Amino acid sequence: MKHPLALAISAAALAFTTTALADAPQQGGTVNTIVQPEPPGLVLGMIQNAPTRVVAGNIYEGLLRYTTDLEPIPQLAESWDVSDDGRTYTFHLRENVTWHDGEPFTADDVVFSADVFHRELNPSARAVLQHVESIEATDEHTVVFTLIEPFGPFLLSFEAGTFTMVPEHLYAGTDFRNNEHNDHPIGTGPFKFANWERGTVIELVKNDDYYEEGLPYLDGVNWHIIPDGGSRAVAFENGTIDVLPSGTVENFDIPRLSEMDNVCVTEEGHEYFSPYSMLWMNNREGPTADKRFRQAVMYAMDREFARNVLWNGLGKVPLSAFGSNARFQDDSLEPYDYNPERARELLEEMGYDGEEVTILPLPYGETWTRWAEAVQQNLREVGINVRTQATDVGGWNQRLGDWDYDLAFTYLYQYGDPALGISRTYLSDNIAKGSPWNNVEGYENARVDELFNEAATAYPDEEREALYKEVQEILHEDVPVGWLMELGFPTLYRCDVKDLVNSSVGLNEGFRDAWLDR
Amino acid sequence: MLYARLIIMRLFKAVIVLFLIVILNFLLIQLAPGDPAAILAGEAGAADQEFLNQLRERFGLDQPMYVQLWRYVSGIAMLDFGYSYRLGVPVFDLIMARLPATLLLTGTAFLISLVLGIIAGSMAAARVKKPSGSIIMALALVFYATPLFWVALMSVLVFSVYLDWLPAYGFYTVGAGYTGFALVLDVAKHLILPATTLALFFMAIYTRMTRTSMLDAAQQDYVKTARAKGLKPGIIQRRHVLRNALLPIITLAGLQAGQMVGGAILTETVFAWPGIGRLMFEALQQRDYNLLLGIFFFSAALVIVFNIITDLVYRLADPRIKGAS
C-alpha cells in the first residue's frame, strides 16, 4: 500500500522539476525557518550535532558536496585527482574564495583544519584521519593527502559538517574552545552570521562576496527557536514559518500540515546521512543473547505497519545491515518479512521460558514512544514477555553506555559508505562502555571483523564488493541488532520557496540555491 | 531601628540557609542518571573515548566528588557560578540575559493575578448571596481546576490561529526591526497570552481566598462597631474588612513572588518565551549541572528574599505584629 502522503511527495517532485525548468530564480527575500533544539554553538568542526549542522552548514563549507546519488561535486575544491594506487588525493582549490572577514582562503587553511583543528576536536574526522599519513600544501591552491593505505570511502569524507574548513588566521595557536571568534563564526559560505538572540532567533545574512556568481538569492535566513512541538506546528500553520526542517514537528502533525494550500513536502536531502533506525539487542546476556531469539524478534515485528501508520508511509523497511543508500548493498538476501508463526517456532526451538525482556524507547518524542508500544504489542503476540521502560535523553545515554538494557531503539547515520557508518556497529574493537554509538550490542565475530577491516582498505571497488557481500550474509543470519527502518524524514515548506533541497545533506546547505517566488 | 535589626538577623540566617541549599542541590543532582559529557557526545552522534575524556577533564568531572563539591562551593562563595557545559558561556551571564524576560512575564502575571483576584474576591464577598457572586466563584473554580498547559494551548488556538489577534509565540516579532515605542507595543502584544495564562491560576486562588477571608472578617465585632457608628458600607469593606482580610493574601503573594524565577517553565516553553524556566528545563535535559545549580541558587535566593519582604509587609498591614516572628 502506498500512503497518500508518499504519493503526494512523488507528485510534488514531478511538479517541482517542471516548474524549476520554467522559472528563472529571483533575488531577494528572507526565509523563516526553525532550528530545534537550540544549538550549543555554531562553530562546525568543534560541534557536529544536528542543530549546529543545519544552521552552520550555510556559514561554513567543506571541500566537496555530494549529489543525492552521493556523487562528489566541487565546493571549495574545484577539482581533484586520485593516484592509481588509491593512496594520493590531490585537491585543486578555488582561487577566488575569501573568508567572511575578507582574508583569502588558501591551502594552508585546509592543512590547518584537517591536520590540527580536526585531529584535536572532531571524533568523526579523527576516524578518517587515522588513515592519513600526511597532508601538504604544495602551492597556495593545491593540497595533497597521502594515505597510509587505500581507504575506499575517502572521497565521501569531505562533507562540510564533518570536515569543515575553519580559518587558520583566526584559530592557529589559540585555545580553540575559548577562541573569541566562536561567538561570531567566520566561514566561506553563502551566508554570514549576523545575530543570535538566545532562546529566540539566529539570523544569517547574505554573503555579498560569495564566490559563486549570483548566489545566494536570498537576503537572509532566520532560524526561529520554539521549544514546543505544538507551537512550531502553529507557527507554520499561521505563516510565520516558511520551512519546517525534518524532525521539527511530530509525525502525526505532518499529514495535516502537508494538506494545507501552498505546502510542499520532500523526503530528499538525507541521502548522505541515511538515518537508519535499529533495535539494539543485548548480545551478552538474557534471551537476546540467543541468535534464534533475535531472529524471532525480526519475524515478530510488523515493520510495514510501523512505516504506514507511525511514519505516514515515509521511509523504507530495510532488508539487512546495509541500507539501500549504502554502497555495496546485497539485495539478494531473503527479507525478514512479518511472520509471527515463524517467530513462535524459533522461540519454541530455543526453549524460551518467558523471561522478562525490557524495551527502551528513544526519548525523542511521541512517535518513538508509540513505535515502542507497537513493537511491544508485536512481541507479546508471539509470546515474548516484554515491558517498556521510560527514560529521558540522559538516562537513555547512560543505560546504553553501561549496557544496562535488553532491547533499545536508536538510529544511526550511515554516511554513504559501509566503512564510515555501518562497520562501527559490528566491529568488536568498537565495543567500549560509555558511548551509545559504538558496538553497543556487544556482537563479536572474528570473521566479520576481518572482512570489514579488509574491505575498508581494499582497492579498487570490485574487491570491496566481494568482501562486503560475505559480511552481509553473516550479519543477516546472526541478526546482531534489529533492522527497523530506513527513516524517511520529510521537510515541509511553502511551495514558493524554490530549489530548497538540492544535495544529499539537504537543508544543511539548502539555502545556498534557494529563492523565493513571491 | 527594629526593622533594621530584623533584616540583619534574617539576612544572616539566609546566608546559612543558602549555603545548605547549595550543598544539598549539588548532592541531589549527582543522583540523576547520565553525565554531561556523555550527553554532549551523544548529541554529536559520534564520540571516541578521547572526546569523552577531553570533555570530562574540561568540566572537572574526572575529579572525585568532594573535590568537585569544594570547587563549586568555593566558587559560589566568590560569586563565580562557573561555565555552562553545553553552551560554554558563564552561567551568571546566561542567567542575567534571561532574567529580564522572565521577570517581565512573571511580574506582569503577579500583578494581574493579585489585583484582579482581590477585586473579584471583594466583589464576590459583597455579593455573597446573589447570582453575580456565584458566577465569579464558579469562574474562579474553573480557572483553579484547569491545567495550565491546556489553557495555554487553547488560548493559542483561539486568539492566534482562529482570531489572529495576538502572536502565538516569542518575545518580539523577528525581522520586523521595531525600535522605541513600537518595540514596547510589540513586546506587550506578545506578553498578553503567556502572562494571562500564568495569571489565571493564582487569580483564582486570590479570588477564593479574598472572599473567604473577607466574609470571615465581616463577622468580627469591630465591623459591627463600625456599622453601629454609621460608617458607609463601602468604607467598612475597604478600611475594616479588606485590610484585616489581607494577611493570608500576603502570605500567598509571598509564595507566588518567590516562584517568579523558576515558576514559568511550562508557559515559557509553550509560548517560546526566552526566560529562565526554559533555560532550566533545557539544562536539566542536558545535565548541564553548573547551569542548573546556578538557576537553583537564584531561585532559592529569591524565595528567601521574598520571605523577608513578606514578613515586613505583614507588619505594615497589621501593626500588631512586632518583634521577631
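**Figure 1. Strand β16 of chain A and the strands beside it in the predicted model.** In β16(A), Phe409(A) is the bridge partner of Leu279(A). This pair belongs to the antiparallel pairing of strand β13 (residues 276–281) of chain A with β16(A), which extends over six bridges; two strands are said to pair if DSSP finds at least two bridges between them, and helices (H or I, at least four residues) and strands (E, at least two) are DSSP runs numbered from the N terminus. Strand β14 (residues 357–360) of chain A runs parallel to β16(A) and is joined to it by two bridges, with Leu360(A) standing opposite Ala408(A). Because five of the six residues of β16(A) (residues 407–412) are buried, this strand is largely enclosed by the rest of the structure; a residue is buried if 20 or more other C-beta atoms lie within 10 Å of its own, exposed if 12 or fewer, and partly exposed in between, with the C-beta atoms placed from the backbone. The model is predicted, so local features need pLDDT of at least 70 and side-chain atom pairs count only at pLDDT 80 or more, while totals for chains, interfaces and linings use all residues. Residues are numbered from 1 along each chain as its sequence is written, and chains are lettered from A and ligands numbered from 1 in the order in which they are written.

**Figure 2. Helix α9 of chain A and its buried side.** Helix α9 (residues 303–310) of chain A has Arg303(A), Ala306(A) and Arg307(A) as its buried residues. They cover an arc of only 95 degrees around the axis, which puts them on the same side of α9(A); the arc is that of the directions from the helix axis to the C-beta atoms. These buried residues pack against α11 (366–381) and β17 (481–486) of chain A. After α9(A) comes Asn312(A), whose phi is positive, near 55 degrees.

**Figure 3. The contact between chain A and chain B.** Here 39 residues of chain A are in contact with 38 residues of chain B, where two residues are in contact if their C-beta atoms, placed from the backbone, lie within 7 Å. On the side of chain A that touches chain B, the elements giving two or more residues are α4 (123–129), β10, α6 (229–237) and α12 (393–401) of chain A. The largest share of that side, six residues, comes from α12(A). By class, the side of chain A that touches chain B holds 14 nonpolar, 19 polar and six charged residues; Ala, Val, Leu, Ile, Met, Phe, Trp, Tyr, Cys and Pro count as nonpolar, Asp, Glu, Lys and Arg as charged, and the others, Gly among them, as polar.

**Figure 4. The largest nonpolar core.** Of the 206 residues in this core, Trp280(A), Ala296(A), Leu407(A) and Ile295(B) touch the most other members; a nonpolar core is a set of buried Ala, Val, Leu, Ile, Met, Phe, Trp, Tyr and Cys residues joined through C-beta atoms within 7 Å. Helix α8 (residues 180–218) of chain B supplies the largest share of this core, 14 residues. Leaving aside residues up to four places away in sequence, Ile295(B) touches Ile95(B), Gly262(B), Ile276(B), Leu279(B), Met280(B) and Ala283(B).

**Figure 5. The two domains of chain B.** Chain B, whose secondary structure comes to 13 helices and zero strands, is divided into domain 1 (1–78) and domain 2 (102–322), with bounds that come from an automatic or database domain assignment. The C-alpha centres of domain 1 of chain B and domain 2 of chain B lie 32 Å apart, and the contact takes 17 residues from domain 1 of chain B and 13 residues from domain 2 of chain B. On the side of domain 1 of chain B that touches domain 2 of chain B, α1(B) gives the most, with 11 residues.
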